[in-house]
Amino acid sequence: MAILKDILYKVKLVSISGATDISVDAIQFDSRIVGSGDVFVAVKGTQVDGHDYIGKAVEQGAVAVICEDIPHNIHPEVTYVQTEDSAKALGIMSDNYYDHPSEKLKLVAVTGTNGKTTTVSLLHKLFMSLGYHTGMISTVQNQIDDLVIPATHTTPDALQLNALLSKMVDHGCTMVFMEASSHAIAQERMAGLKLAGAIFTNITHEHLDYHKTFDNYIKAKKKLFDDLPSDAFALVNVDDKRGMVMLQNCKASKNTYSLKMMATYKAKVLNNSLQGLELTVDQKDVWFRQIGYFNAYNLLAAYATANLLEEDSEEVLMHLSQIELNNGRFEQVPNKAGITAIVDYAHTPDALENVLNTIDNIRTGNEQVLTVVGCGGNRDTEKRPVMAEIACRYSDRVILTSDNPRYEEPEAIIADMQKGVPISQIRKVTNLPDRKEAIKLACSFAQKGDIILVAGKGHETYQEIKGERSHFDDKEVVNEMLNLIHNK
């Protein structure tokens, strides 16, 4: 229970009708779960406008309504508070309601098209190994030390986020590393939070179904850095041409990292193989268990962040070198068939090219590379032909299949992808909408020594079709099919 005027602290108010010294039991922005004594925040979403449900919330017992537009018919016993931005108000109110949890720990946010999950996972494991109680908020899962809390979104809504941070504080966490998606930033889910720092990994075409233009997508990422306080740090990848853009108008201390250019933190790749990476970092040669140039960036970002959080450089490198990640990012699936099988979350053109380029750099040339790839339904359609072209460029065989088709027909998605297949390479491409059958076909084509890449779903353990989610795990299917072949 809280007092309304206390949880409205720092919310930009336009007008108030009614008393603000009243008690409220909980904050809700979903009218379906409003109960007696709650405050209802009417948020204008992409699909639904909460203002349409103010009457329903009041009928269900809401004692206060926070909105951008005061309704014509107001209840005499309900307090109506008008604000400029309900979504932002929800974030600030959530922070107040849970007693400012982000101020009681060091919270670092990671944004970018690719590399968020790996960087956050590296930092979580690193700081745990350094002896800290550490929280993680990511696409794959949320964690308090080793305790796993299932994730439903890359970044939870403002209420869930503050409740989770509060739980982390209660468990003694002093460090938390979180992914900050462009949707979450644009929707003000992080409003009210105090960040110790923010990291920018890279940006490529993605989520244009939501942001409409690439410029809007860039602005959403940049907002994270524009909102940083002066006592925080900003860390950006300057090998991405938008890296320096993120630092414009940023009040935080400005830091950069790079494999190619002059930067605050710099590394050089000495060796890249299926066994791992050898990097020179701060004039020290270190072997890491991660694979690929893209992971060199993630490792460097984690190292730089630890340095900015004032950890000992040598100790950080020692612990980082021992970290192993199994989260559907360039994850090898053990099998007895003598085939290198890799499952990766790559679902953007840039991520797919990174993974296939890594395979290209470490292959001998005597083996086949077989790629199984699809694109999600009801998402950015522009990337579909691009991903098919990339798969063809690096692979000996390509099987175009379903990812999460959602409400689209898999055949229509594959037809969009097919437009990117060069005429000279049509013969290497097979269309097979059933993802399990597509993986099975790739495994049947593969011989000992070959490399199979199954891209797009990575850590996900479901497939979404027509609004229904059913169990589907690429790693399980690959393992099952390869071992079946081996045991013939």
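Guide: Begin with one side chain: a polar atom of the side chain of Ser 181 lies 3.1 Å from the backbone nitrogen of Ala 184. That is a polar contact, meaning a pair of N or O atoms within 3.5 Å; within protein, one must be able to donate a hydrogen and the other to accept it, and residues adjacent in sequence count only if both atoms are side-chain atoms. This is a predicted model, in which local features need pLDDT of at least 70 and side-chain atom pairs count only at pLDDT 80 or more, while totals for chains, interfaces and linings use all residues. Residues are numbered from 1 along each chain as its sequence is written, and side-chain values use heavy atoms, with hydrogens and water left out.

Visitor: Where does Ser 181 lie? And is Ser 181 buried or exposed?

Guide: Helices (H or I, at least four residues) and strands (E, at least two) are DSSP runs, numbered from the N terminus. Ser 181 sits in the loop that joins strand 12 (175-179) to helix 6 (182-186). As for accessibility, buried means under 20% relative accessible area, exposed over 50%, and partly exposed in between (1.4 Å probe, protein chains only). Ser 181 counts as buried because its relative accessibility is 9%.

Visitor: Which residues does UniProt give under "binding site"?

Guide: UniProt positions are given in the numbering used here, with feature names shortened, and annotations may be inferred rather than shown by experiment. The unreviewed entry places "binding site" at Ser 31, Thr 154, Thr 155, Ser 181, Gln 187 and Arg 189.

Visitor: What is Pro 156 in contact with, leaving aside its neighbours within four places in sequence?

Guide: Contact means heavy atoms within 4.5 Å. With those neighbours left aside, Pro 156 is in contact with Ile 137, Leu 161 and Arg 189. Pro 156 belongs to the loop between strand 11 (147-150) and helix 5 (158-170), and at 7% relative accessibility it is buried. Its C-alpha atom is separated by 7.8 Å from that of Ala 184, although the two are 28 residues apart along the chain.

Visitor: What does the side chain of Thr 256 reach?

Guide: The side chain of Thr 256 reaches the backbone nitrogen of Thr 264 at 3.0 Å. Thr 256 is in strand 15 (residues 253-258) and is buried, since its relative accessible area is 12%. Leaving aside neighbours within four places in sequence, its contacts include Leu 235, Val 236, Met 244 and Tyr 265.

Visitor: How do I read the packing of helix 4 and helix 11?

Guide: Axes are lines fitted to C-alpha atoms, for helices over the stretch in contact, and angles run from 0 to 180 degrees between N-to-C directions. Helix 4 (residues 116-129) packs with helix 11 at an angle of about 115 degrees, their axes 9 Å apart. In this pair, Leu 122, Leu 126 and Ser 129 of helix 4 meet Val 316, His 319 and Leu 320 of helix 11.

Visitor: Where do the axes of helix 13 and helix 14 come, and at what angle do they cross?

Guide: Helix 13 (residues 383-394) and helix 14 (residues 410-418) have axes that come within 6 Å and cross at roughly 65 degrees. Arg 384, Pro 385 and Ala 388 in helix 13 meet Ile 413, Asp 416 and Met 417 in helix 14.

Visitor: Which residues does the "domain: Mur ligase C-terminal" feature cover?

Guide: UniProt, in an unreviewed entry, places that feature at residues 328-458. Over residues 328-458 the chain is 35% helix and 21% strand, with the end C-alpha atoms 4 Å apart.
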